[in-house]
Amino acid sequence: MSHLILVGGGHAHLTLLQRLDEFFRRGHTVTVVSPDRYHYYSGMGPGLLGNTYLPQQIRFDIQNMAVSRGATFLHDSVTNIQPAKKRLMLSSGQTLTYDTASFNVGSEVVIPPEVEPDEALFPVKPIVNLETARQRLLVTPAGQKLRLVVVGGGPAGTEVAGNLRRLLECTGRHGEILQIAGHRLLANFPDRMRAHVLKQFARRQIDIREQSHLAGYAGGRVLLDDGSELETDGVFLAWGVRPPALFRKSGLSVGEDDGLLVNRMLQSVDTPELFAGGDCLCFKERPLAKVGVYAVRQNPLLLENLLATLAGQPLQPFNPQRHYLLILNTGDGRGVLHWRGHVLAGRWVFRLKDRIDRKFMRKFQ
Ligand SMILES: Cc1cc2nc3c(=O)[nH]c(=O)nc-3n(C[C@H](O)[C@H](O)[C@H](O)COP(=O)(O)OP(=O)(O)OC[C@H]3O[C@@H](n4cnc5c(N)ncnc54)[C@H](O)[C@@H]3O)c2cc1C
């Protein structure tokens with residue numbers, strides 16, 4: 001009998017959580033460690049901010065998924081890994097020993113010292129922060145003009161800016177929305193995509209500032225790298241994510257971004273009893289974008305490989321796809337789609353995204 005620990009109940013662990021009986025049938029015990037009862041699906045997070053979805057429509061009750069199937073659920077987080085002793089240290093002070101462990105602890109928005117967190121600063125991860133922001137904006141008096149700043153010119157920042165406008169509109173609020181896009185809006189995508197968003201956002205009075213970077217934030221004031229300062233009622237940080245420092249601090253082999261360095265089997269390159277899925281890993285063969293698509297695709301493989309490793313059987317490789325479909329929810333009932341260099345936009349694009357996302361929710365909820 002072996003002890004499997006699942007650390008984090010993110011997008012890559014959902015199949016494992018759903019099929020825990022496969023471990024119990026073979027006589028293993030399973031513990032799930034997560035700081036949160038719910039896991040929010042990032043693909044629908046901007047739609048939650050924009051009042052398109054309710055919180056209960058976009059989250060998985062991972063505590064219930066674990067406990068109803070007979071696993072132990074610990075409302076806790078892992079702070080250190082001691083691979084030589086096969087031991088995990090938790091923030092509560094408790095320690096756990098494992099035979100095999102799988103990590104799906106995601107990624108974080110980096111907050112540098114020049115940014116002082118307060119109740120008006122919302123890093124876009126964890127996704128539940130978008131719900132906190134929505135609640136906060138909804139208690140402001142309807143007549144108050146809000147000044148909102150989104151930092152980041154990538155897909156997440158664009159979706160957040162578009163859905164902030166939707167939130168203001170559908171709740172009868174007024175406000176200025178400014179997206180600080182860094183070097184260039186949607187810099188890693190075709191010009192057509194950027195041009196489409198620029199045009200749409202101009203129409204919806206969302207200001208985009210390119211060649212502009214955040215240099216600091218404190219007490220409701222945003223400082224930009226050209227020396228200008230802005231007063232704001234809310235700042236959304238969407239300037240990129242990286243894995244937590246957990247693996248590096250525990251002395252495990254990590255990639256450049258501090259993600260757990262894994263081989264094609266999603267197994268730590270130096271500690272074979274440790275596995276990882278989603279944003280927290282660094283795939284040794286080639287770097288993978290931090291997108292949920294890969295986390296979702298890793299689900300069945302993690303199940304197969306964890307069962308195989310506990311049984312001493314050979315493991316299967318993960319073959320990441322080179323291209324993936326990206327659909328932005330721009331918050332006006334439309335979507336913008338990117339697939340292998342092609343860009344399409346329209347109401348049907350949002351409907352397609354909504355259908356894909358709801359199907360994913362139904363599969364695991
Ligand atoms: C606004 C926004 C929109 C996005 N939209 C899309 C999209 O449409 N399509 C797409 O493909 N990608 C999208 N992404 C990217 C996507 O969010 C990530 O790639 C995805 O969340 C990765 O999933 P994950 O399970 O690895 O991590 P996460 O979703 O971050 O989940 C990690 C889990 O681990 C838990 N955890 C963290 N630390 C610990 C610890 N120490 N101990 C125990 N548990 C821990 C957390 O509570 C959390 O439940 C979006 C990102 C953002 C910010």
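Okay, some ground rules. Residue numbers start from 1 along each chain, following the sequence as written. As the model is predicted, local features need pLDDT of at least 70 and side-chain atom pairs count only at pLDDT 80 or more, while totals for chains, interfaces and linings use all residues.

So, the overall picture. The protein has 10 helices and 25 strands, counted as DSSP runs from the N terminus (helices H or I, at least four residues; strands E, at least two). Its C-alpha trace spans about 60 × 40 × 35 Å along the principal axes.

Now the domains, whose bounds come from an automatic or database domain assignment. Domain 1 is 3-107 + 243-311, and domain 2 is 110-237. Their centres, taken over C-alpha atoms, sit 30 Å apart. Where they touch, domain 1 puts in 12 residues and domain 2 puts in 15; contact here means C-beta atoms, placed from the backbone, within 7 Å. On the domain 1 side, α3 gives the most, with 5 residues.

And where's the ligand in all this? Both domain 1 and domain 2 give residues to the shell around the ligand, so it lies between them. There are 36 residues around the ligand, and G8, G10, S42, G106 and G278 come nearest. For that shell, a residue is near if its C-beta atom, placed from the backbone, lies within 6 Å of the molecule. The elements giving two or more residues to the shell are β2 (29-34), α3 (45-49), α6 (155-170) and α9 (292-311).

Technical notes:
Contact = placed C-beta atoms within 7 Å.
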